[in-house]
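The sequence and model are shown first.

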Amino acid sequence: MEKVSVIIPMHNSEKFIERTIFSALKQTYRNLEIIVIDDNSNDSCVELVKKIADDRIFVYENETNKGSAYCRNFGIEKAAGTYIAFLDSDDVWLVDKIEKQVLFMETENIDFSFTQYYDFGDEIKLISGPRVIGKFRMNFTNYLGTLTVMYNQKKLGKVSIPNNITKSTDYPLWRAIGRKSKAHILYEPLAIYYRRPGSLSKVSTFQKIKNVAYGYQELEKRNKLSSLIGGFVFALGIFLKKMVYRKRTDFRTNIFD
């Protein structure tokens, strides 16, 4: 059984972090290390995590606020597992998420994968995506939910993005990994994304375009015009994604057992 490294950036997450951590600890797949990177929180989330008695948890604390790109890069650098999985500090996994995703990747010989997931907002939505996403399709929008992504670092290496990308940091990371491997979806919802004030879903379309354009400039060294065009293509993809890959649904699954 290959080890899976779970990377969880955290900032002022005392209301949610215990639920998130326990959704990882309760996985049917047991060979995990959980790497929590606290980004200079001023609430009690660090103390809450340190109170959880499980030697698979490793907590690192930033002395200053460095942003989510730095935290994920740091976690990737520390990761000792064959696989790296990502989980935000307010989201949760269903109990067999890792087991099913590792089996999918090993059976199908896949190095970069994501799954369907539930979006809990005013109503419950099932979020899906294309079966395979290559370099070209990756241009159109961010189909990959952070809480569902896993990649094989033994084969693809430790992938990082510039630390000065501070907005929409997940998409540049998927693009960086996508340079090395296509992303394949497991068509089963295995995680829950919780919306809350200040989440990316509340950011205006114009701001998303700016965020993506800046990411293109920093990661791929595009000029401003090319980056803005890329940002507008991304924005168009958001609307197409909502029409095709976002469906209202019911939720009848127990999170932990």
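## Cysteines

Cys45 counts as buried because its relative accessibility is 0%, where buried means under 20% relative accessible area, exposed over 50% and partly exposed in between, with a 1.4 Å probe and protein chains only. Cys71 is also buried, at 1% relative accessibility.

The model is predicted, so local features need pLDDT of at least 70 and side-chain atom pairs count only at pLDDT 80 or more, while totals for chains, interfaces and linings use all residues. Residues are numbered from 1 along each chain as its sequence is written, and side-chain values use heavy atoms, with hydrogens and water left out.

A disulfide is taken as a pair of cysteine sulfur atoms within 2.5 Å, and the count by this rule is zero. The cysteine sulfur closest to that of Cys45 belongs to Cys71, but at 11 Å it is too far for a bond. From Cys71, the closest cysteine sulfur is in turn that of Cys45, at 11 Å.

## Strand β4 and its partners

Strands (E, at least two residues) and helices (H or I, at least four) are DSSP runs numbered from the N terminus; two strands pair if DSSP finds at least two bridges between them. Strand β1 (residues 4–10) runs parallel to β4, and four bridges join them. Val4 has Tyr83 of β4 as its bridge partner.

With strand β9 (residues 150–152), β4 pairs in the antiparallel sense over three bridges. Here Ala85 stands opposite Met150 of β9.

## Faces of β4

Strand β4 spans residues 83–86 and is covered on both faces. Tyr83 and Ala85 are buried on one side, and Ile84 and Phe86 are buried on the other.
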